[in-house]
Amino acid sequence: INWSDILSQGGLRYFYSSSNSNYPSGYMYILYLVGIIGKALSLDFTSLGFNLLLKTPVIIAEVLTMLLAFNIAKKYLGEKNAIIFSFIILLNPSVLINTSAWGQIDAVFTLSILVVFYLLEEKKYYFGAAALAVAMLIKTQTIFFLPVFAAYYLGIFFRDVEVKKNLRDFFISLIIALSVYLVLSLPFRGDGGILWSFNNITSS
């Protein structure tokens, strides 16, 4: 709640120097928007109404995760089993407590990782690279998935004999991921330079 208040009052640029946040900047955009909406509705930042508003993005992420999980599972398990699978995800007590009750951002992080896998599965590699950068901006724990994504990309791009095209696609994807990370991080740079975006990874 405090971070959302700071963002809505002072904006993005000097957020990290005026708060104790060690999270990367991705979810801060959502908190900023929540804070702006809360101010527009004249909600006190300690009120129940603002607390519910703060949890709304997390609840939306839970529902979107269920729908996306259903869409993926339907291809492999059939529609009936996919429905059961998706509702198991949605109604998992640990998920409900951690996100809907406590308002933690793990549901948003889970959704971002699932989106990357979905885009890769759909062969939308450039969009997958952009989504990977967004996931990294939401939580730096994404770094633990990087070997999996790297292996997936390499397996895809070097599966056939079109080496030049595959190398081009791989490096374009890498450039897209780095560019998205850089562009979305820079508004929070404070008085730092362009490399602040990457230095922020080590402190998150």
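## A walk through an all-helix model

The protein has 10 helices and zero strands; helices (H or I, at least four residues) and strands (E, at least two) are DSSP runs, numbered from the N terminus. Listed from that end, the elements run α-α-α-α-α-α-α-α-α-α. What you see is a predicted model, in which local features need pLDDT of at least 70 and side-chain atom pairs count only at pLDDT 80 or more, while totals for chains, interfaces and linings use all residues. Residues are numbered from 1 along each chain as its sequence is written, and side-chain values use heavy atoms, with hydrogens and water left out.

Let's start with the inside. Of the 204 residues in the protein, 39% are buried; buried means under 20% relative accessible area, exposed over 50%, and partly exposed in between (1.4 Å probe, protein chains only). The largest nonpolar core holds 42 residues, and L7, F15, M28, L31 and F188 touch the most other members. A nonpolar core here is a set of buried Ala, Val, Leu, Ile, Met, Phe, Trp, Tyr and Cys residues joined through side-chain atoms within 4.5 Å. At least two core residues come from each of α1 (2–10), α2 (26–40), α3, α6 (106–121), α7 (125–138), α8 (146–157) and α9 (163–185).

Take F15 as a guide. Which residues does F15 contact, leaving aside its neighbours within four places in sequence? They are W3, I6, L7, S21, M28 and F188, where contact means heavy atoms within 4.5 Å. Across the protein, among contacts between residues at least 6 apart in sequence, 64% join residues at least 24 apart.

Now look at how helices pack. Two packed helices are described by the angle between their axes and the distance between the axes. Axes are lines fitted to C-alpha atoms, for helices over the stretch in contact, and angles run from 0 to 180 degrees between N-to-C directions.

Helix α3 (residues 48–77) packs with helix α4 (residues 79–90) at about 150°, and their axes are 8 Å apart. That angle makes α3 roughly antiparallel to α4; angles under 35 degrees count as roughly parallel, over 145 as roughly antiparallel, 65 to 115 as roughly perpendicular and the rest as oblique. The crossing of α3 past α4 is right-handed. A crossing is left-handed if the near helix is turned anticlockwise from the far one by less than a right angle, and right-handed if clockwise. On the α3 side, the residues that meet α4 include M66, F70 and L77, and their partners in α4 include I83, F87 and L90. By class, this contact of α3 with α4 has 12 nonpolar, three polar and three charged residues. Ala, Val, Leu, Ile, Met, Phe, Trp, Tyr, Cys and Pro count as nonpolar, Asp, Glu, Lys and Arg as charged, and the others, Gly among them, as polar.

Another pair is α6 and α7, which pack at about 165° with axes 8 Å apart. They are therefore roughly antiparallel to each other, and α6 passes α7 in a left-handed crossing. Residues making the contact include F109 and L119 of α6, and F127 and L132 of α7. This contact has 13 nonpolar, two polar and no charged residues.

Finally, visit two loops. S42 lies in the loop between α2 and α3, and has a positive phi of about 55° although it is not a glycine. S42 is exposed, with a relative accessible area of 66%. In the loop between α6 and α7 sits K123, with a positive phi of about 65°, although it is not a glycine either. K123 also counts as exposed, at 58% relative accessibility.
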